[in-house]
Amino acid sequence: MVKLTIDNRTVEVPEGTTILEAAKTAGIPVPTLCYLKDINEIGACRVCVVEIEGITRLVTACNNCVGEGMVIHTNSPKVRETRKTNVELILSQHDCSCPSCARSGNCNLQKIANDLGILEIPYDKKVSFTKWEKQFPLIRNYEKCIKCMRCIQVCDTVQSLNIWDIANTGSRTTVDVSKNRKITEADCALCGQCITHCPVGALRERDDTEKVFSALADPDKITVVQIAPAVRAAWGEPFGLEREFATVKRLVSAMRRMGFNYIFDTNFSADLTIMEEGSEFLKRLGNKDKETFPMFTSCCPGWVRFLKSQYPDMVPQLSTAKSPQQMFGAMAKSYYADLLGVDPENIFSVSVMPCLAKKHECDLPNMNDAGAGQDVDVVLTTREIDRMIRAEHIVPQELEEEEFDTPLGVGSGAGVIFGATGGVMEAALRSAYYLVTKTNPDPDAFKDVRGMDGWKEASFDLAGTPLKVAVVSGLGNTRRLIKALRKGKVSYDFVEVMACPGGCSGGGGQPINDGQELAGDRADVLYGLDKINEIRFSHENPSVQKCYECYLQRPLSHRSHELLHTDHNA
Ligand code: HC0
Ligand code: SF4
């Protein structure tokens, strides 16, 4: 242990602890901007500088360790003055148009500058850069970039994609797409992790809220919206709502006030996915065809993009099942249009997702199987629906709970856990067991695949057939698993992949809470919802059963293939 003094308080911490961590244990917050625990500890912004008695030069707290007997001041006049100058210099390179920034009110730079009493910026050296491709779902604003390196580090070390790099020199130094590529030419998976780890507004999603506002105002459009599993665990965060209060039923109520005609649950089509993908898995398990086995889940478009660009020869291993979002869109403009007795052309299909890659997925040329334009017209992120709530002057604290519409608003507990890493696998195994044995397993029989580990393995007995499965989240973990698979170091029957660490609950479209990783907390909400759901099995969802009975006939039927499956290479 090391004993030292920080701001006149005696602190005792293990050797090797950083000054930042030591101060934190003593309840002393040191401001940081570029720091991201375990990912970016480089002291680039120099906002966390502190003074150590006996040392003339100030040191950064995030990447310097404590020493025995040190006397440290985290907020002395010298520290404050230096910190202020450092922040002023950052602001001199930053486009400070806060009112029109996606991160206004949720920006650490804004907060730190305010806390330091910076009311004017004495330096003015702003430079302008070429414009970004604004149609792409991911948008970079060079003028807001503070060169903190977080996006580079997240993309390199967590996601293994190396999309970003430092570009230019001197005052023109910025972060740009690596190797002089355009973002549309790079292998960006669109996981959006660079956005959720940016401390300012230099990265954001393409805003599609106006398209939805226009559809809501158009009397000829029937607006049908689906809400993804993981959105319900996070939408209330920016409003400071307790997780118990920010239920999906309150989100339904907000969206009904906005004027959506029919509000449905992606959990319904997650259950449909299980029926299709589970049946497909059992078929492949019977053949173990080299080209298509082991089977990979296909519901995460970030992962699908990754596989197509990094390991295209393995694309046939993807399940042909579309993602629940796209299954829902196809059903909304076919089955549901029939139920309503309306022309599917009049349906405007919206989805609310924790995800950026979904914005790209709905635009894919083969996602129009219902024959009325895109099956999903617009994808909004959780952040965008929250913006819409604010734009509509809805006070979330006053919302009462309201029910989803039927029949596509009915989802099982197996459907809701799709939003957490391991959830798709667990849901699939629950129903695969039933499909093989015609009896239900204990709904929690496959819980070994739960948890926030980036690469999980489990073995089960599926009515006499041994099964080995793997679950990965985060593309760096995915790359390691694929390399091991290709080298024959591991072997599995079924692999679930989610591009974002922790799965969709940690998705790139979720609310941003700077420096906090909340995927685990949100996943707990989803598992809690599964536990209390009366229906724990996808095959017991009455709306899914009815849909097969009246429309699709059976999993993998001709119509199911037309509407619910896809060729990932098309
Ligand atoms: Fe997900 Fe999904 S679980 S990918 O993260 O499968 O976005 O929440 O909606 O489609 O259901 C995202 C979340 C979904 C889909 C579902 C799957
Ligand atoms: Fe989107 Fe979920 Fe995949 Fe992340 S894990 S890219 S949020 S589908």
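Predicted model: local features only at pLDDT ≥ 70, side-chain atom pairs only at ≥ 80, totals over all residues.
Two strands are said to pair if DSSP finds at least two bridges between them.

**Domains**

The domain assignment divides the protein chain into domain 1 (2-92), domain 2 (127-205) and domain 3 (210-564). Taken over C-alpha atoms, the centres of domain 1 and domain 3 are 43 Å apart.

An open sheet is built from five strands in the order 2-1-5-3-4, with mixed pairing. Strand 2 (9-13) and strand 4 are its edge strands, and each of them pairs on one side only.

Strand 3 (residues 49-52) pairs with strand 4 (residues 59-60) in the antiparallel sense, over two bridges. Within this pair, valine 50 is opposite valine 59 of strand 4.

Helix 2 (residues 77-92) lies across strand 3 and strand 5 and runs at about 155 degrees to strand 3.

**A second hairpin**

Strand 7 (residues 164-167) and strand 8 (residues 174-177) run antiparallel and are joined by four bridges. Aspartate 165 has aspartate 176 in strand 8 as its bridge partner. Strands 7 and 8 form a hairpin with six residues between them, and asparagine 168 in the turn has a positive phi of about 65 degrees.

Another open sheet consists of four strands in the order 11-10-13-14, and its pairing is parallel. Strand 11 (262-265) and strand 14 (378-381) are at the edges with a single partner strand each, so one side of each has no neighbour in the sheet. On average, neighbouring strands of this sheet are turned by 25 degrees against each other, direction ignored.

Strand 13 (residues 347-353) pairs with strand 14 in the parallel sense, over four bridges. One bridge places serine 351 with valine 379, its partner in strand 14. Helix 6 (residues 209-217) lies across strand 10 (222-227), strand 13 and strand 14, and its direction is at about 120 degrees to strand 14.

**Strand pairs in brief**

| Strands | Sense | Bridges |
|---|---|---|
| Strand 3 and strand 4 | antiparallel | two bridges |
| Strand 7 and strand 8 | antiparallel | four bridges |
| Strand 13 and strand 14 | parallel | four bridges |

**A helix crossing**

The axes of helix 8 and helix 15 (residues 423-437) come within 9 Å and cross at roughly 65 degrees. The crossing of helix 8 and helix 15 is right-handed. From helix 8, the contact is made by Ile274, Met275, Glu277, Gly278, Ser279, Phe281 and Leu282. Helix 15 contributes Ala427, Ala428, Ser431, Ala432, Leu435 and Val436. By class, the contact between helix 8 and helix 15 has nine nonpolar residues, three polar and one charged.

**Around the ligands**

Ligand 1 is surrounded by 20 residues, the closest being Ala228, Ala230, Cys299, Cys355 and Cys504. Helix 8 (266-287) and helix 10 (324-332) are the elements that give two or more residues to this shell. The shell around ligand 1 contains 13 nonpolar residues, six polar and one charged.

Around ligand 2 there are 16 residues, and the closest are Cys300, Gly302, Cys355, Cys500 and Gly507. The elements giving two or more residues to the shell of ligand 2 are helix 9 (301-310) and helix 12 (357-361). Helix 9 supplies the largest share, three residues. The shell around ligand 2 has eleven nonpolar, four polar and one charged residues. Cys355 is listed among the closest residues for ligand 1 and also for ligand 2.

Definitions and conventions. Residues numbered from 1 in each chain as written. Chains lettered and ligands numbered in written order. Near = placed C-beta within 6 Å. Nonpolar A, V, L, I, M, F, W, Y, C, P; charged D, E, K, R; others polar. Axes fitted to C-alpha atoms, helices over the stretch in contact; angles between N-to-C directions. Contact = placed C-beta atoms within 7 Å. Domains from an automatic or database assignment. Left-handed = near helix turned anticlockwise from the far one by under 90°.
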